[in-house]
Amino acid sequence: MNVIDICMGIQADIVKWRRDLHEIPELGMELEKTHKYVTDELTKMNISYKTISKTGIVAIIEGISDGPTIAIRADMDGLPIKEKTKLPFSSKNNCMHACGHDAHTSMLLATAKILSENKNLLKGNVKLIFQPAEEISSGAEAMIKEGVLENPKVDFILGLHIGALFPEVKLGMIGVKSGYITSAVDKISVTVKGKGGHGAMPHLSVDPILIASEIISSLQKIVSRETNPHHPVVVTIGSINGGSSWNIIPEKVTFEGTIRSIYPEDRDMLEKRVVEICEGVGKANGAEVKALYERICPSVNNNPNTTDLLIKSAEKIVGNEKLLILENPTMVSEDMAYYLEEVPGTFFFLGSNNPQKKIIYPHHHPKFTVDEDVLWIGPAVFIQSVFDFFDLI
């Protein structure tokens with residue numbers, strides 16, 4: 001079976017699916033149009049499926065003999081961004097596929113089609129997971145709770161992300177590494193309640209703006225003075241609100257931010273220290289501070305054994321010169337992490353930026369798009385990996 005030729009042979013189908021999906025982006029768990037599109041295509045392929053987690057889809061392709069079950073996952077949701085690409089298939093909704101999930105879904109449809117047509121060669125089962133709500137880090141967890149990894153029990157899981165989250169993963173390249181490859185993401189929401197007053201008489205007030213500023217500066221000391229310098233950690237305050245006039249000390253200031261880390265022990269330390277610093281600085285300055293720390297998503301941790309197998313399979317598709325073993329993780333998060341906490345597997349990256357075509361914009365940008373010429377590579381790596389995994393197990 002020549003996987004490359006077969007996948008390149010349905011490149012036009014993959015592009016069509018991607019463009020159709022790009023026109024109908026939806027948010028969170030509310031993916032009714034996307035769900036219908038994907039299930040209609042699966043029906044055409046004679047692949048049975050089940051709907052779980054409102055608009056999530058799980059389908060099974062059974063092989064000719066008993067064997068392990070390999071899951072392949074794609075996320076389907078978009079982002080609340082107004083598209084500015086001017087593509088002829090731009091979004092018809094007030095949101096956008098600005099992260100490549102339309103491409104992920106189309107590549108999994110291609111994988112489904114080819115594996116279904118060659119299921120007589122499968123020495124086990126392949127489970128296809130079409131997931132909602134990745135962008136709000138809740139879809140994977142919901143599907144797992146509803147049993148997506150059971151009946152049959154998943155032994156291994158694979159997934160990919162297209163784009164340029166790793167700038168060194170150039171067009172048509174595969175990037176992967178064993179161990180941690182993406183960051184955990186958490187959220188901090190802080191309210192600083194002081195005592196309002198006249199800007200000319202600050203001694204009669206408790207200034208929440210000044211105290212909030214001190215807290216924000218102090219939080220950066222966790223990164224520079226309390227974290228192992230070899231362990232990546234990010235503290236970013238993205239929103240601050242307070243005050244109504246230039247000469248009035250307000251009663252209250254609120255701010256929110258994102259906390260990123262790779263290692264679980266750093267994540268535990270960050271939660272403890274962020275809350276301590278916020279409340280401690282507030283108390284030292286006579287203010288009441290409430291700090292809410294929310295754990296959003298853990299780090300993606302690739303299994304060493306499955307990653308070694310995937311690397312060998314990917315090399316058969318793209319060649320050694322286009323296979324990059326990544327040195328460091330990205331501080332972007334991905335809820336693929338939840339699956340990898342349950343079963344061994346690997347999450348890898350496919351480069352799709354192309355400066356020659358002015359495809360240069362980052363993820364979550366209103367002009368983000370992908371070079372469609374590389375779309376066949378995703379299903380090719382999935383399919384090659386499936387057959388190689390079955391042969392080696």
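Two residues are said to be in contact when heavy atoms of theirs lie within 4.5 Å. With that meaning in hand, consider the predicted model shown above: among contacts in the protein chain between residues at least 6 apart in sequence, 81% join residues that are at least 24 apart. The secondary structure of this chain comes to 10 helices and 16 strands. Its radius of gyration is 23 Å, close to the 21 Å that the globule rule gives for 393 residues, so the chain is as compact as a globular protein of that length.

**Extent and surface**
- Along its principal axes, the C-alpha trace of the protein chain spans about 80 × 45 × 40 Å.
- Of the 393 residues in the protein chain, 56% count as buried.
- The accessible surface of the protein chain comes to about 17200 Å², and 52% of this surface belongs to carbon and sulfur atoms.

**Charged side chains**
- The protein chain carries 40 positive and 50 negative side chains, and the centres of these two sets lie 5 Å apart.

**A residue to look at: Asn118**
- Asn118 is found in the loop that runs between helix 4 (101-117) and strand 4 (125-131).
- Because buried means under 20% relative accessible area, Asn118, with its relative accessibility of 17%, counts as buried.
- When its neighbours within four places in sequence are left aside, Asn118 is in contact with Met1 and Phe387.

Notes
Residues are numbered from 1 along each chain as its sequence is written. This is a predicted model: local features need pLDDT of at least 70, side-chain atom pairs count only at pLDDT 80 or more; totals for chains, interfaces and linings use all residues. Side-chain values use heavy atoms; hydrogens and water are left out. Helices (H or I, at least four residues) and strands (E, at least two) are DSSP runs, numbered from the N terminus. The radius of gyration is taken over C-alpha atoms; the globule rule is 2.2 Å times the number of residues to the power 0.38. Buried means under 20% relative accessible area, exposed over 50%, partly exposed in between (1.4 Å probe, protein chains only). Accessible areas come from the Shrake-Rupley method with a 1.4 Å probe; for residues, only the protein chains shown count as cover. Lys and Arg count as positive and Asp and Glu as negative; His and the chain ends are not counted. The place of a charge is taken as NZ of Lys, CZ of Arg, CG of Asp or CD of Glu.
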